[in-house]
Amino acid sequence: MIQITNKVDCCGCSACAMKCPKYCITMQTDSEGFLYPAVNKEDCIDCGLCEKVCHELHPYEERKPLNVYAAINKDEEIRLKSSSGGIFYLLAEKTISEGGVVFGARFDEDWQVVIDYAETMEGIKPFMGSKYVQARTATAFKDAEAFLKQGRKVLFSGSPCQIAGLHHYLRKEYENLTTVDFVCHGVPSPKVWQRYLDEVVKSGKQAINDVKFRNKSNGWKKFNFVLSCNQEEKTHSLCSWHQQNHYMRAFLSDMILRPSCHECRAKQGSSHSDITIADFWGIHIEMPEMDDDKGTGLVLVNTDKGRQALDWSKVTKKESSVEVASKYNGGLSSITKPHPKRAEFFAALDASPSVIDLIDKSLRPSFKSRIRMSLRRYKQLIKRVLKRLIGGDCPKTIAT
């Protein structure tokens, strides 16, 4: 019987609930907004299947990719609609052209995120673009298994822990299954996302038209958070640079991530995905010829099946390495440490009338930090003044 005594030991993939033959496991939301399994002990027959399919109890071994590429979709229109290099679209296109099914993350009617499937290219459009909220797997593992048993090709995309959960749930290899994950920073709380939407969209979530966490109108590196909604029969847009948007600041500061993200057991290839995609941050330094600020993808080919999943004739690519990519993308290998005020933030969340004010308060630097930042700015100011006065570089004693 699955029992969660420490929340870092559950990634919320729901494999246990979907595998239970008696349907006695339900996924229930905790005070932070994350899903955890709850067992109806009266119906449980103690078959142990829930424990056998748990990735947290049985993590896969780490493995290195076969190849690492900087990659760009040659179709400029698709790339601009994508978060980075437009590689997911090509993976989906090849699968659907072969009569397959694609699983990905989309918004539901409440603008939460759920894993769903599509059988047409029109149907995969909602899967495009990053969504910085933990996605519910719902019945996705069961649905994928049904298609696989029918002999259909399946491309299943998700977070590393969801891909590991799928493999454990299936408990066997399928030649017609290709799995794709992404380099994951961590998954934020659906509850915080809901509170944020309730606060910024006064006319209710039904008025929302679109959400883009990674709008590239100002470039790929300085992407914007954009939310469009109808208010008083007019369309309004909330647009802010990601480092100024309150929700994005809370996410990127590691304050609202799931506890298991801080002890992730699906990094460094241990999700056993066939292919991994991400942004190739640092490309302007390592391969400036591959950077036009429209988005460059990082592609890790983990298996031969992953290599065959992409039509490489539609990709501009250049080979790299894990070592180079890891310099600028810590999510490849390093564990995300929780923000020092994470526990304090969630303890105050329910009682706080404004999640935006709570984020501001929680992320406000301490007095000592503000002093250090002021001293740093003061030194930089002195350095600039001296440069203007004497020209050339400042003496090293001034720069320290």
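Cys54 is buried in this predicted model, with a relative accessible area of 13%.

**Cysteines**
- The structure holds zero disulfides.
- Cys54 is in no disulfide, and the nearest cysteine sulfur, from Cys13, lies 6.7 Å away.
- Cys184 is likewise without a disulfide, its nearest cysteine sulfur being that of Cys261 at 5.8 Å.
- Cys184 counts as buried because its relative accessibility is 15%, and the cut-off for buried is under 20%.

**Largest cavity**
- The largest cavity has a volume of about 100 Å³.
- Its lining is made up of 16 residues, and those nearest the centre are Ile2, Cys10, Cys13, Cys16 and Cys54.
- By residue type, this lining has eleven nonpolar, three polar and two charged members.

**Second largest cavity**
- The second largest cavity holds about 80 Å³ of space.
- It is lined by 15 residues, with Cys20, Cys24, Cys44, Cys47 and Cys50 closest to its centre.
- Twelve nonpolar residues, one polar and two charged form the lining of this second largest cavity.

**Helix H8**
- Helix H8 covers residues 190-200.
- Its buried residues are Pro190, Val192, Trp193, Arg195, Tyr196, Leu197 and Glu199.
- At the start of H8, Ser189 places a side-chain oxygen within 3.1 Å of the backbone nitrogen of Lys191.

Notes. Residues are numbered from 1 along each chain as its sequence is written. This is a predicted model: local features need pLDDT of at least 70, side-chain atom pairs count only at pLDDT 80 or more; totals for chains, interfaces and linings use all residues. Side-chain values use heavy atoms; hydrogens and water are left out. Buried means under 20% relative accessible area, exposed over 50%, partly exposed in between (1.4 Å probe, protein chains only). Helices (H or I, at least four residues) and strands (E, at least two) are DSSP runs, numbered from the N terminus. A polar contact is a pair of N or O atoms within 3.5 Å; within protein, one must be able to donate a hydrogen and the other to accept it, and residues adjacent in sequence count only if both atoms are side-chain atoms. On a 1 Å grid over the protein atoms alone, a cavity is a set of points where a 1.4 Å probe fits but cannot get out, and a pocket is an open set with protein on both sides within 12 Å along at least five of seven lines; lining residues have an atom within 4 Å of a point. Grid points are joined across faces, edges and corners, and a volume is the space filled by probe spheres set on the points. Ala, Val, Leu, Ile, Met, Phe, Trp, Tyr, Cys and Pro count as nonpolar, Asp, Glu, Lys and Arg as charged, and the others, Gly among them, as polar. A disulfide is a pair of cysteine sulfur atoms within 2.5 Å.
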